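Reader: Let's go through the pockets and cavities. Can you start with the terms?

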Amino acid sequence: MAAANGLVHAPAKKPLFTFGVIADVQYADIPDGRSFLGVPRYYRHSISVLERAVSTWNKQGNIKFSINFGDTIDGFCPKDKSLWAVQKVIDEFEKFDGPTYHMFGNHCLYNLPRSKLVALLKMPTDSDRAYYDFSPCPEYRFVVLDAYDFSALGWPHDHPVTAAAMKLLDEKNPNTDKNSPDGLVGVDRRFVKFNGAVGKEQLSWLSDVLQDASDRRQNVILCSHLPMDPGAVYPAALMWNYDEVMAIVRRYNCVRACFAGHDHKGGYSVDSHGVHHRTLEAALECPPGTSAFGRIEAYPDKLLLVGSDGMADTEMCFRSSDRAAL
């Protein structure tokens, strides 16, 4: 359930660990503006939201790590200030007393190439790839996906991936402006240029990781900038091949929740297989003096998101049949 802040409380038992979450900071040193839907965006204030998040996590003292769900800076950030802006946001994350795990968002890729971002965001990979996994305790595994592995963003214009992604968009979206979902119906509205997909090599890697997690009887948390369930997101913000990813997830009985950003208003659903999908509210759209960030307490049988201001509390209980299978 999602509830107003303060209505959901942790039980008396202690969590196995707690981690911080924030999404869509989209910082830029420019005047406030509006989204294409007319929603106000507070480009300079968003870094203040991050500052409050880091300060809160440090004061709580038990936050083991934090996860940044992408769109670190905004696409309107002047290109000659992009590197400075990313570093400014990273500097704020580095004031946190634990590690932060980052991922790409579309706005990151409007400003800087993938190869530079992997290094800047210190992704724990042994290559230029932007997907990875980590385990904070024996009972849990986190899988961070690169939702723009297959996309028209971030790759050189003459790269084969760019060409293949544009070919897909031409087939799926008849609009001249490939960022427009006009005329597309239902989940087909996801075929816009600001979205992307998990590529074949990454899909194979995901299957291997989930097999290993199943063997180890771990609860898996899947993290992606792009949401993967139509019930938790506006259709135009869905991952292109969310259905392929979820088909792999359903081969195994270990994924408990999928967290994402991208759709700034947030959302929550539980799919037909009992997987929780939580799209996190954006830091960017918090009016001055307000915030959207949270902490998630991980228990053997549930996750509890405790949010601030604009991020709703959400209790995600695992099905007893899933727990019995571990």
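Author: On a 1 Å grid over the protein atoms alone, a cavity is a set of points where a 1.4 Å probe fits but cannot get out. A pocket is an open set with protein on both sides within 12 Å along at least five of seven lines. Lining residues have an atom within 4 Å of a point. Points join across faces, edges and corners, and a volume is the space filled by probe spheres set on them. The model is predicted: local features need pLDDT of at least 70, side-chain atom pairs count only at pLDDT 80 or more, and totals for chains, interfaces and linings use all residues. Residues are numbered from 1 along each chain as its sequence is written, and side-chain values use heavy atoms, without hydrogens and water.

Reader: How many cavities of 30 Å³ or more does a search of the whole structure find?

Author: One. The largest cavity has a volume of about 40 Å³.

Reader: Which residues line it?

Author: P227, M228, D229, A232, C258, F259, A260, H277, R278 and T279. Strands β10 (255–260) and β12 (276–279) each give two or more of the lining residues. Strands here are DSSP runs of E, at least two residues; helices are H or I, at least four, and both are numbered from the N terminus.

Reader: Now the largest pocket. What volume?

Author: About 650 Å³. It has 24 lining residues, and S35, F36, R41, F194 and H264 are the closest to its centre.

Reader: Which helix gives the most to that lining?

Author: Helix α3 (residues 106–111), with three residues.

Reader: And the second largest pocket, what volume?

Author: About 300 Å³. Of its 19 lining residues, R114, D149, W155, H159 and V161 are the closest to the centre. Helix α6 gives the most, three residues.
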